[in-house]
Amino acid sequence: MNDYGFLSVLPPVIAIILALRTKQVYVALIFGIWFSWLIMSDWNILEGTLATIEGMVNVFKSEGNTRTIMFSALVGALLLFIQYSRGVEGFVNQLNKLIQYFENKHTGYSRIIIQLLAMLTGVVLFVETSISSLTVGTLYRPVFDKLKISREKLAYIADSSSAPTSILIPFNAWGAFIMGLLITQGIEKPFSVMLSSIAYNFYPFLALIILFIVIVSKKDIGSMAKAEKRTQTTGKLMDEGSKPMISEVITSYPPKEGIKAKSYNMVIPLLTMVAMMPVNLVYTGWSKVENYNSFWDHVSQAIGNGSGSSSVLYAVISSILVAMVLYRAQGIMKLKEMVDLILKGISELMPLALLMLLAFAIGDACNQLGTGQFVANWSKDWLSPEYLPAIVFVISSFIAFSTGTSWGTFAIMLAISIPMANIHGAEVTLIIAATLGGGIFGDHCSPISDTSIISSMASASDHIDHVRTQLPYALLGGAITTILYLILGFSMI
């Protein structure tokens, strides 16, 4: 691999700045991908342009990328199903009863309760971030709209209750991936070390605490405060000129006339999707387990070895199939209607699938450039041991911000931070926690993060508006985390 030095940092940073300034995220990402390949083509414009096209084609060489893109498209079919069957309407009617109950107790209290319920839903679905963000956004969007809570706020709750929970309760594909990385670094007891590091993983804790405080206190900051004031005073769910990540066809698809609104027409398909996630993790990881003591030991190890991308794809397909059987049994839809809705839903979510494609493509380009490796290696020579935890956190954050992937950041940084901890005599669990927390923090701040993209989609929020309004809360949590790591660095090293 060529050493592109500081040039390797420019494409993702420029793409992110363009996205935030112009709000044209597709153009910004394409430019970032093109600029990456232009550098790798020795500034030959023709070769760089052709390499850009091939780079986007090569995204599909990764089975995980392809499954995630397919999942993103098929979600549209599921959303149309639950809308057309009046399942959303039925669920909203049930929540309205809850809202009315709390309104009778205390005016304005229902807004807090609904937001806390959305947060709790995200926490409970720790098994997979995509499922968590999707479910929270889909379930609560109609109620948030009714209560005049901004789309940006819903996207923030969906995003900030997903990844932090998945890293803090690592009995999922996240935990399996991290344990695999720890094993490659010679950690003898990866599971116990990973669990021990949770106590020092401050950013995910702070992200959840800040989210809880914001909801309960009703005190927003920065752009979020303006968004909430806009929605409450004018009823506008988004800013003028903002474009939701999901089309109006999906969010406002007319339900079928002449049938009764029933909440279970929405709840059963979504519960199927959630329940099938761990089942699929067991199924995809079952044959990979060689040594086990009991059936449940086999199950727990299988979950750890399962494929996250396969599991989410199988889960959404299972959900669609269950919905088809459920609706056909009630006489709500015939097969032709179902097929038409599936095709319609997929077509309406093509912009999301395209965005996922571009996000993966720029991530691949950054890997080819060695962006993460350059940033990590850059710190080796001048780093003081006392500053090690804080610096590891900041560097991990920057890599995740630039590449849009926390998992990619873990893979890059754990291979560097653990040897550095051994060399400097630092507490390994503290350095591991700083690495993992930095990946989550940078991912929360990045407009090319797949979790943030799905949160914007499920919440029908403008994606850049979501990133911009979430950023102050993430930066607050990141700043406090950095200070805590500085304190621990001087006290433990």
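Select Trp43 to begin: with a relative accessibility of 46%, this residue counts as partly exposed (buried is under 20% relative accessible area, exposed over 50%, and partly exposed in between, with a 1.4 Å probe and protein chains only). Trp43 lies in the loop between helix H2 (25-40) and helix H3 (45-57); helices (H or I, at least four residues) and strands (E, at least two) are DSSP runs numbered from the N terminus. Its phi is near 65°, a positive value in a residue other than glycine. Most residues other than glycine have a negative phi.

The model is predicted, with local features requiring pLDDT of at least 70 and side-chain atom pairs pLDDT 80 or more, while totals for chains, interfaces and linings use all residues. Residues are numbered from 1 along each chain as its sequence is written, and side-chain values use heavy atoms, leaving out hydrogens and water.

Next, select Lys148, in the loop between helix H7 (129-146) and helix H8 (151-160). Lys148 is not a glycine, yet its phi is positive, about 60°. The relative accessible area of Lys148 is 40%, which makes it partly exposed.

Move to helix H4, residues 63-84. From first C-alpha to last, its 22 residues reach 32 Å, close to the 32 Å expected at 1.5 Å a residue (the expected span is 1.5 Å times one less than the number of residues). H4 is largely enclosed by the rest of the structure, because 18 of its 22 residues are buried. Following H4 is Arg86, with a positive phi near 65°.

Now display helix H21 (residues 388-403) together with helix H23 (residues 428-445): their axes come within 7 Å and cross at roughly 35°. Axes here are lines fitted to C-alpha atoms, for helices over the stretch in contact, and angles run from 0 to 180 degrees between N-to-C directions. The crossing of H21 with H23 is right-handed, that is, the near helix is turned clockwise from the far one by less than a right angle. On the H21 side, the residues meeting H23 include Leu388, Val392, Phe393 and Phe401; on the H23 side, Ile431, Gly438, Phe441 and Asp443 are among them. Contact means heavy atoms within 4.5 Å.

Finally, show the whole protein, which has 25 helices and zero strands. Its C-alpha trace spans about 70 × 55 × 55 Å along the principal axes. Buried residues make up 58% of the 493 residues. Among contacts between residues at least 6 apart in sequence, 79% join residues at least 24 apart.
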